[in-house]
Amino acid sequence: MDGSGNRLLPADAFPLFQEGIGLVLSRWSALQLAVDNEWGGRDSRRKVELLCSDIFTWFTQNKETLYIDDLEMILDETMLSLNTQVDDGSIEEVAEKLIFMHEECVDGNFSSIERLRQSPLPRGAHSHVSQAMSDDEEEEEEDDDDDGGNGGDGMRNDMMVDAIQQQQQPRAVNQPRRPEASAPAEDGWVQVTSRRSSRGTRN
């Protein structure tokens, strides 16, 4: 553990990095599904704008070592604020892409951002994404079941989005310090290891 801290992004790279954050999030199918359906309410899109700002601040104002686990927590908390449960590993994938893109930008390399500009927007969810229900909604669904209908099961099925499952790369969980890049994946990204030995894999 070298304790070297965060490699700060040059100020002239701020605009491109901000654009890159927006591009990554705009291609996160689970997030866009929640926004399009306003699962987080009418201000769902505003919550995503705040997420972009929070991510940028986390990278640029944090002088300590950046840990991918903390970034995953920021992403996860935003999805929960959008009443959305994501169980496909895409939170970890998005965090890895952002970490790697930041490292590239620090080195003056913006190729990943250019690739994102040229990549198409997602047409649908690539994962199992479900809308989380409030306590009142759950009680209302239980009442429907008590009436003898199968509407409750139908509602649950309707709230599950079934699409293509993306195979996720195994994530190391024993890396003690800053994430390290491994071999490039087919899409041009590299896999980044988690750094907290005390944290297990995400269920």
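Phe17 counts as buried, at 0% relative accessibility. The model that shows this is predicted.

**Helix H1 against helix H5**

- Two packed helices are described by the angle between their axes and the distance between the axes.
- Helix H1 covers residues 14–26, and helix H5 covers residues 90–106.
- The two pack at an angle of about 160°, and their axes are 10 Å apart.
- Angles over 145 degrees count as roughly antiparallel, and H1 and H5 are therefore roughly antiparallel to each other.
- The crossing of H1 past H5 is right-handed.

**Helix H3 against helix H5**

- H3 packs against H5 at an angle of about 45°, with 12 Å between the axes.
- That angle makes H3 oblique to H5.
- H3 and H5 cross in a right-handed way.
- H3 brings Ile55, Trp58 and Phe59 to the contact.
- H5 brings Leu98, Ile99 and His102.
- The contact of H3 with H5 has 5 nonpolar residues, 1 polar residue and no charged ones.

**Aromatic rings**

- How many aromatic pairs does the structure hold? There are 4.
- One of them joins Phe14 and Phe56, with 5.2 Å from centre to centre.
- The planes of Phe14 and Phe56 stand at 90°, and the pair is edge-to-face.
- This pair links distant parts of the chain: Phe14 sits in helix H1 and Phe56 in helix H3 (residues 44–61), 42 residues apart.
- Is Phe14 buried or partly exposed? Phe14 is partly exposed, with a relative accessible area of 25%.
- Phe56 counts as buried, at 13% relative accessibility.
- Phe56 also pairs with Phe17: the ring centres are 6.3 Å apart and the planes meet at 40°, so this pair is tilted.
- Phe17 lies in H1 and Phe56 in H3, so the pair ties together parts that are 39 residues apart in sequence.

- Leu23 has its place in helix H1.
- Leu23 is buried, with a relative accessible area of 13%.
- Which residues does Leu23 touch, not counting those up to four places away in sequence? They are Ile113, Leu116 and Arg117.
- Leu23 and Leu116 are 93 residues apart in sequence.
- In space, Leu23 and Leu116 are 6.3 Å apart, C-alpha to C-alpha.

Note on methods
Residues numbered from 1 in each chain as written. Predicted model: local features only at pLDDT ≥ 70, side-chain atom pairs only at ≥ 80, totals over all residues. Heavy atoms only, no water. Axes fitted to C-alpha atoms, helices over the stretch in contact; angles between N-to-C directions. Helix = DSSP H or I, 4+ residues; strand = E, 2+ residues; numbered from the N terminus. Parallel < 35°, antiparallel > 145°, perpendicular 65-115°, else oblique. Left-handed = near helix turned anticlockwise from the far one by under 90°. Phe/Tyr/Trp six-rings, centres within 6.5 Å; stacked < 30°, edge-to-face > 60°. Buried < 20%, exposed > 50% of the residue type's maximum accessible area, 1.4 Å probe, protein only. Contact = heavy atoms within 4.5 Å. Nonpolar A, V, L, I, M, F, W, Y, C, P; charged D, E, K, R; others polar.
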